[in-house]
Amino acid sequence: MQEKQLVGEAAAKLVENNMIVGLGSGSTIFFTLKKLGELVSNGLKMTGVATSRHTEELAKQFNIPIMSLGEVEYLDIAIDGADEIDQGFNLIKGGGGALLREKMVANSARRVVIVADSSKSTKELGGYPLPVEIVPFGWEMTTINIEKTGCSSTLRMKEMNKPYLTDNGNYILDCNYKVISNPKELELKLNMIPGVVENGLFVGVADEIITIKDNVVYVKTK
């Protein structure tokens with residue numbers, strides 16, 4: 001059994017009856033959703049709040065009840081993946097393009113659990129390009145201002161050589177900083193730039209990380 005499946009299924013087992021659960025995005029979360037579907041079919045009562053249209057479609061395939069973020073006051077738990085995790089529990093997320101909704105859902109949860117295979121841990125963030133969601137209007141100027149923070153960037157594209165659009169109708173810049181030594185400062189600096197909607201730095205968000213080493217799943221807490 002692969003690492004992603006092991007940690008994804010372990011996270012699903014944290015969900016208890018009558019919980020409202022934030023359902024993240026990504027290849028590891030697929031296994032969480034699949035396991036939750038099995039648990040629901042065996043009698044688990046839960047409701048999910050999806051962080052992306054793709055996650056919502058998967059949840060429905062697995063017969064997981066879904067409601068919108070606007071219909072709830074809070075989430076009992078949010079389970080999501082990460083593209084990179086440093087030793088201080090800071091994350092880079094957004095490789096799948098859902099960073100804004102992921103951050104909104106995480107911010108609404110009483111408990112945030114991150115699932116990650118062994119490849120996601122790093123001493124310092126920056127090895128993985130940082131996604132930054134920006135509005136299409138004047139994106140070229142926004143890009144110039146973002147690069148003044150010390151990165152080179154690439155506009156994320158899709159097929160037919162057209163810009164990738166998020167579920168919110170925005171563009172994504174993938175920003176290469178090489179090393180991000182102060183994630184909190186950079187997160188705030190980026191979000192102050194006009195045209196930036198949100199960035200993929202998740203600082204102080206994760207409560208627990210479910211990861212794996214030598215095929216043994218374990219939980220890291222702050």
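The legends below describe close-up views of a predicted model.

**View 1. The largest cavity and its lining.**
The whole structure holds 1 cavity of 30 Å³ or more. The volume of this largest cavity is about 70 Å³. It is lined by 16 residues, and those closest to its centre are Ala78, Asp80, Glu102, Ala106 and Val112. Two or more lining residues come from each of β1 (19-23), β3 (77-80), α4 (99-107) and β6 (112-115). By residue class, the lining of the largest cavity comprises 10 nonpolar, 3 polar and 3 charged residues.

**View 2. The largest pocket.**
This pocket has a volume of about 420 Å³. Its lining consists of 31 residues, with Ser25, Gly26, Gly96, Gly97 and Glu102 nearest the centre. The elements that contribute two or more residues to this lining are α2, α3 and α4. The greatest contribution to the lining of the largest pocket is that of α2, with 5 residues. The lining divides into 8 nonpolar, 15 polar and 8 charged residues.

The volume of the second largest pocket is about 210 Å³. Its lining includes Val49, Ala50, Ser52, Arg53 and Glu56. Also in the lining are Ile66, Met67, Ser68 and Leu69, together with Arg101, Met104 and Val105. β2, α3 and α4 are the elements that give two or more residues to this lining. Helix α4 provides the largest share, 3 residues. The lining of the second largest pocket is made up of 7 nonpolar, 2 polar and 3 charged residues.

Helix α3 spans residues 53-61, and its buried residues are Thr55, Leu58 and Ala59. Viewed down the axis of α3, these buried residues fall within an arc of 100°, so they line one face of the helix. The cover over the buried residues of α3 includes β1, α2 (27-41) and β2 (46-50). His54, Lys60 and Gln61 are exposed on the other side of α3. Just after the helix, Asn63 has a positive phi of about 60°. Helix α3 also gives two or more residues to the lining of the largest pocket and of the second largest pocket.

Gly195 is located in the loop between α6 (183-191) and β12 (196-199). Its relative accessible area is 23%, so Gly195 is partly exposed, given that this class lies between the 20% limit for buried and the 50% limit for exposed. Leaving aside residues up to four places away in sequence, Gly195 touches Glu133, Ile134, Val135 and Thr142. The C-alpha atoms of Gly195 and Gly48 lie 31 Å apart, and the two residues are 147 residues apart in sequence.

**View 3. The hairpin of β14 and β15.**
Strands β14 (residues 208-213) and β15 (residues 216-221) run antiparallel and are joined by 6 bridges. Lys213 has Val216 in β15 as its bridge partner. The two strands form a hairpin with 2 residues between them. In the turn, Asp214 has a positive phi of about 55°.

How values were computed. Residues are numbered from 1 along each chain as its sequence is written. This is a predicted model: local features need pLDDT of at least 70, side-chain atom pairs count only at pLDDT 80 or more; totals for chains, interfaces and linings use all residues. Side-chain values use heavy atoms; hydrogens and water are left out. On a 1 Å grid over the protein atoms alone, a cavity is a set of points where a 1.4 Å probe fits but cannot get out, and a pocket is an open set with protein on both sides within 12 Å along at least five of seven lines; lining residues have an atom within 4 Å of a point. Grid points are joined across faces, edges and corners, and a volume is the space filled by probe spheres set on the points. Helices (H or I, at least four residues) and strands (E, at least two) are DSSP runs, numbered from the N terminus. Ala, Val, Leu, Ile, Met, Phe, Trp, Tyr, Cys and Pro count as nonpolar, Asp, Glu, Lys and Arg as charged, and the others, Gly among them, as polar. Buried means under 20% relative accessible area, exposed over 50%, partly exposed in between (1.4 Å probe, protein chains only). The arc is that of the directions from the helix axis to the C-beta atoms. Contact means heavy atoms within 4.5 Å. Two strands pair if DSSP finds at least two bridges between them.
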